[in-house]
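Please consult the sequence and the structure shown here while reading.

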Amino acid sequence: MSQFPDGFLWGAATAPHQVEGGNVNSDMWHAEWAKGSHFAEPSGDACDHYHRYPEDMTLLADLGLNAYRFGVEWSRIEPEEGFFSRAALDHYRRMVGACLERGITPVVTLSHFSTPRWFAAAGGWSNDAAADRFARYAGRVAAHLGDLVPWMSTFNEPNLVSMMVHIGLVPAAARDEPLGRSNSTDPEPARQSDSGAAWPSHSVDVMATAHRKAVEAIKSGPGDPAVGWTLALVDLQPADGGEQRWRAVRQSALLDWLEVSRDDDFVGVQTYTRERIGPDGILPVPEGVATTQTGWEVYPEALGHTVRLAAEHARVPVLVTENGMATADDDARVAYTCAALGGLAGCVADGVDVRGYLHWSLLDNFEWTSGYQMTFGLIAVDRTTFERTVKPSARWLGKVARANGLT
Ligand code: GCO
């Protein structure tokens, strides 16, 4: 039995655009319906989580989980520049309250890829005013619900585009397409998708500036949430002859971003798989090796490896904010998660300060350009009726949470 620290957070994660439904004022919605869209299907009503969050939180709590990572949607809160919707802010305050009533610790993300249409139309993160716009929004959210939220993250995976650019090519279609990448390694097309969505900037300076300003706005109160950002930490490994390239990619796609976290209260680790880097770039997954629905190698060891990397370079407490697997085989999800948690337990045993594990995802949801075919959820969602069905993997994770350990 490997035991986790007292007060360890055990939970699951979602993102507003992927579950709420009807997110019509966001750049993503716009991109989904644009001519020549790269999206397999539009998000539509998603999981109707915007209305069904009380039921979803009750399911989560009944499983034995004690934490829920969800996001607040900027395009609802500030639908036009400078107009802040009191009704939307109240909605999210009710969500936070619903967590607390159920004994669930809320972990709130301010920006999970989707941005308001007006922000994207003005050039997104490449506009000089972007950092101040984001900080103003962050300050309004913190003013409205910061007193109730113990964990807040500014950006979800701000380094994702940087990773795409530096890796040059990711074989897994699901990681490749959502960024609106062309085959070029020129950062321009990676930043400005032809579908009009405002993906994060590939430049660490741009995103770090927005992050720092937002942290400052959040810290001005009320409340005193732990603040950080959550990074996409693919377990990058050198293959024969690829050491030099690996070192450079790892520096710009991961380490430069982890170093920003040194001034934060925590760093969020999000990891799914590894990529091996040869002299000419990313190597394909070898024949015969198991892959997920997204085409990624089934590689649960990535969790232990990247948590150690994060702790070493960010030097702040680690919260695992995403880890999971897209599969129709729920036993495979349990096996993957069990192995990943084994690696995490090893980190804890070695003294790494890990505060929690939030599985991706609570619900089967809208996997960006891949649409609804990728099933990452602990809970299935009927695409017509929205009916929820708890999977055995959810009960398994709930048991681990109740025992605060792995047998
Ligand atoms: C991301 C996001 C999630 C994804 C998940 C599976 O990493 O892209 O944080 O929105 O759905 O990672 O791809």
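An oxygen atom of the ligand lies 2.9 Å from an N or O atom in the side chain of His-112. This is a polar contact, that is, a pair of N or O atoms within 3.5 Å; within protein, one must be able to donate a hydrogen and the other to accept it, and residues adjacent in sequence count only if both atoms are side-chain atoms. The model is predicted: local features need pLDDT of at least 70, side-chain atom pairs count only at pLDDT 80 or more, and totals for chains, interfaces and linings use all residues. Residues are numbered from 1 along each chain as its sequence is written, and side-chain values use heavy atoms, with hydrogens and water left out.

**The ligand and its surroundings**

| Side chain | Distance to an oxygen atom of the ligand |
|---|---|
| His-112 | 2.9 Å |
| Asn-156 | 3.0 Å |
| Tyr-272 | 3.0 Å |

The protein buries 98% of the 320 Å² that the ligand exposes when taken alone; such areas come from the Shrake-Rupley method with a 1.4 Å probe, and for residues only the protein chains shown count as cover. Around the ligand there are 14 residues, of which Gln-18, His-112, Glu-157, Glu-322 and Glu-367 come nearest; a residue is near if one of its heavy atoms lies within 4 Å. This shell comprises 6 nonpolar, 4 polar and 4 charged residues. Here Ala, Val, Leu, Ile, Met, Phe, Trp, Tyr, Cys and Pro count as nonpolar, Asp, Glu, Lys and Arg as charged, and the others, Gly among them, as polar.

**Helix packing**

Helices (H or I, at least four residues) and strands (E, at least two) are DSSP runs, numbered from the N terminus. The axes of helix α5 (residues 86-101) and helix α7 (residues 130-145) come within 10 Å and cross at roughly 55°. Axes are lines fitted to C-alpha atoms, for helices over the stretch in contact, and angles run from 0 to 180 degrees between N-to-C directions. α5 and α7 are therefore oblique to each other; angles under 35 degrees count as roughly parallel, over 145 as roughly antiparallel, 65 to 115 as roughly perpendicular and the rest as oblique.

Helix α7 also meets α11: their axes come within 8 Å and cross at roughly 25°. This makes α7 roughly parallel to α11.

Ser-203 is located in the loop between α10 (187-191) and α11 (204-219), and its side chain reaches the backbone nitrogen of Val-206 at 3.2 Å.

Pro-222 belongs to the loop between α11 and β6 (226-232), and the peptide bond from Gly-221 to Pro-222 is cis, with omega near 5°. A cis peptide bond also runs from Trp-360 to Ser-361, with omega near 10°. Ser-361 is placed in the loop between β12 (354-360) and β13 (379-381).
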